[in-house]
Amino acid sequence: MASVRTELGRLAYARSGDKGGNANVGLWIPQGKADAAVDWLLATVTEDWVKTLIPEAADMQIDIVQLPNLRGVNVVIHGWLGAGVAEQVRFDPQAKALGEWLRARVVDIPEEYL
């Protein structure tokens, strides 16, 4: 299967935010895309994969929860916001842009899913 090196957002949607000091990112494959693309997403999104795409999270605990019936995964990056929104000095203090930043990352996606 041939792959294309392109932005993750060409295949997956995302929504992100915060829960205390943790960043929460949902990634999913929209309806209309092949069910095999969902299988690809579930197999691809691992702790190591997230740490590769978001190097700032390399030393943080990352939980991945697969949600196959929702065609996606939920990623929790523990400690991304330190003590929480009120104590954060990050440019994106509520992690609202983290999902779009992740969608902008360039990855190898099987051509047939695009």
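Predicted model: local features only at pLDDT ≥ 70, side-chain atom pairs only at ≥ 80, totals over all residues.
Residues are numbered from 1 along each chain as its sequence is written, and side-chain values use heavy atoms, with hydrogens and water left out.

Let me turn to the overall layout. The protein chain has three helices and six strands, where helices (H or I, at least four residues) and strands (E, at least two) are DSSP runs numbered from the N terminus. Read from the N terminus, the elements follow the order β-β-β-α-α-β-β-α-β. Of the 114 residues in the chain, 44% are buried, and here buried means under 20% relative accessible area, exposed means over 50%, and partly exposed lies in between, with a 1.4 Å probe and protein chains only.

Now to the sheet. Four strands form an open sheet in the order S2-S3-S5-S4, with antiparallel pairing; two strands count as paired if DSSP finds at least two bridges between them. Strand S2 (13-19) and S4 stand at the edges with a single partner strand each, so one side of each has no neighbour in the sheet. S2 and strand S3, residues 22-28, pair in the antiparallel sense over seven bridges, and Ala14 stands opposite Leu27 in S3. Helix H1, residues 35-44, packs on the sheet and touches S3, S4 and S5, while its direction makes about 25° with that of S5. Contact here means heavy atoms within 4.5 Å, and the angle, on a scale from 0 to 180 degrees, is taken between N-to-C directions of axes that are lines fitted to C-alpha atoms, for helices over the stretch in contact.

How many salt bridges does the structure hold? There are four, and I will go through three of them, beginning with the side chains of Arg71 and Asp35, which meet at 2.7 Å, N to O. Arg71 lies in the loop between S4 and S5 and Asp35 in helix H1, so this pair ties together parts that are 36 residues apart in sequence. Are these two residues buried or exposed? Arg71, at 10% relative accessibility, counts as buried, whereas Asp35, at 56%, counts as exposed.

The pair I opened with, Lys51 and Glu47, lies in helix H2 (residues 47-53), the two being four residues apart, about one turn of the helix; Glu47 is partly exposed at 32% relative accessibility. In helix H3 (residues 98-103) we find Glu100 and Arg103, three residues apart, again about one turn of the helix, and their closest N and O atoms are 3.0 Å apart in a salt bridge. Glu100 counts as partly exposed at 44% relative accessibility, while Arg103 counts as buried at 18%.

Finally, the surface. Leu70, in the loop between strand S4 (62-67) and strand S5 (72-77), is exposed, with a relative accessible area of 61%.
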